[in-house]
Amino acid sequence: MEDYKFLFKIVLVGNAGVGKTCLVRRFTQGLFPPGQGATIGVDFMIKTVEVDGDKIKLQIWDTAGQERFRSITQSYYRSAHALILVYDISCQPTFDCLPDWLREIQEYANCKVLKILVGNKTDRDDREIPTQIGEEFAKQHDMYFLETSAKEAENVERLFYEIAAELIDQARRKDGTSAVNKNSMDAIGLGSLGTKASQNSCCSGFNSNSNQCTS
Amino acid sequence: MRVICKYPDLRYYQGYHDVAVTFLLVAGEEVAFAVMDVLSTNHFSECMQETMDATQKRLLFIWPVVNFENPELFNFLQHSGVGTMFALPWYLTWFGHSLNSYKAVVRLYDYFLASPVYSPLFVTAAIILYRADEVFLQDCDMASIHLLLSKLPENLPIEQLLNISSHLYDKYPMAMIKKEVERLEREDQERRKLDEKSALERRKKLARNAKSSSNYTLSHWIPQLLTPKSFIVTTAFSIFVGFCAYYYKSQYMSAGIS
């Protein structure tokens, strides 16, 4: 059984063709597949990273961007610890859809889910959305922001490592409070028990998380 | 593309092109068009509806077959909560999206063209049954099982699996499977109802605790509870509780008076 300190679920969403799968493959396999086919339903990858000497297992769920798969992919939001919302900086319509995606997230995801806005394809020279516009949007909606290029491997590692670090922070803060509130014990921080994270433990995290929102 | 234009009701889905391109490569444009015309209005017509609901329902048909053949495996898979997502690309593309070997893909396409419409479901069941030992080695959770099943091994014994699939198809009539799916769905619904009930009770308890200890916790519950579904459930529940309270109050009152 693999040993790890924390297990986090990260879900990628965003319009079709913005580069969700390429970001995941760049990060997990270190490659950029030029003719990457469209995702059907949901794909799944695992990568173990090391942050401050701790082994962190990242479960990355890569969803299909096409609208008709929406009802299927929504069920994966709920147990996510982090949601990466991706748009293509060279394609205005993918940015215009962001409010729709946020509505989806609000409806189906945990209220405390970590949200990250990612403008992908910075290698392209036909940019349509200036960095500042993306940044402002993220700020308005309480999201982290990063621009990446899966092709040039720019900011991809940083994206996932920062998410891991932030989630660890959150989990540790919660561990502190859990001395008071025992219910929140095995929410995100599965601790060294870490063999598997069942959906249940994430759901219980949902409730205990919310207690923490206010503190 | 020509098929999609011909039938405006049919919706393109990601994966449709995997099927189309295979026929295009093998048979050229005219024949591919004719084949896709027939497939899109028959085999894939459910998949080309407005939503994927019908397709998702259809995929449930693999479970009775797995259950009849290997109940232990079926229970393990159900318990893991893996669902049918791993098999969705298989069904939508006749495995074309998920198999690397072109030879294996065209062999399967030959088989499906010459077999009844729902044969891919039986091949899916045959693959799951064939991989039973590997499944049992995994942790019983959704992620592990999904990861294992969604990746098709390179060395699948295709011919053997097709034989098993044909055999399963003859053994279990579609009507029988349909009935079994309905039974499983009913069971599942009942289980879910029970879960919801206990979750509700847990929440009630928590809310009560929160109310007595501090107000701010409660105020944080409210936005969370305001999703449409939970709103209806909570409203219905509070009306019900209200009625009960009223009923009991009047009962006790009258008892107290007499």
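## Exercises on helices, domains and salt bridges

In this predicted model, the axes of helix α8 (residues 119-130) of chain B and helix α11 (residues 158-171) of chain B come within 8 Å and cross at roughly 115°. Axes are lines fitted to C-alpha atoms, for helices over the stretch in contact, with angles from 0 to 180 degrees between N-to-C directions. Helices (H or I, at least four residues) and strands (E, at least two) are DSSP runs numbered from the N terminus. Residues are numbered from 1 along each chain as its sequence is written, and chains are lettered from A in the order in which they are written. Local features need pLDDT of at least 70, side-chain atom pairs count only at pLDDT 80 or more, and totals for chains, interfaces and linings use all residues, while side-chain values use heavy atoms, leaving out hydrogens and water.

**Exercise 1.** Which residues of α8(B) and α11(B) meet?

*Solution.* Look for contacts, meaning heavy atoms within 4.5 Å.
- From α8(B), the list includes B:Phe122, B:Ala126 and B:Leu129.
- From α11(B), the list includes B:Leu161, B:Ile164 and B:Leu168.
- Sorted by class, the contact has twelve nonpolar, two polar and no charged residues. Here Ala, Val, Leu, Ile, Met, Phe, Trp, Tyr, Cys and Pro count as nonpolar, Asp, Glu, Lys and Arg as charged, and the others, Gly among them, as polar.

B:Leu129 also touches B:Asn70, a residue in the loop between α4 (62-69) and α5 (71-80) of chain B.

**Exercise 2.** What area do domain 1 and domain 2 of chain B bury between them?

*Solution.* Start with the bounds, which come from an automatic or database domain assignment: domain 1 is 1-50 and domain 2 is 52-187.
- Their C-alpha centres lie 23 Å apart.
- The contact takes 16 residues from domain 1 and 17 residues from domain 2.
- Together they bury about 1,400 Å², 67% of it on carbon and sulfur atoms. Buried area is the accessible area (1.4 Å probe) lost on putting two parts together, summed over both.
- B:His43, B:Glu46 and B:Cys47 supply 38% of the area on the domain 1 side.

**Exercise 3.** Which residue forms a salt bridge with B:Arg58?

*Solution.* Search for a side-chain nitrogen of Lys or Arg within 4 Å of a carboxyl oxygen of Asp or Glu.
- The partner is B:Glu46, with the closest N and O atoms 2.7 Å apart.
- Between the two domains of chain B, the count is one salt bridge.

Terms used. Lists of a residue's contacts leave out its neighbours within four places in sequence.
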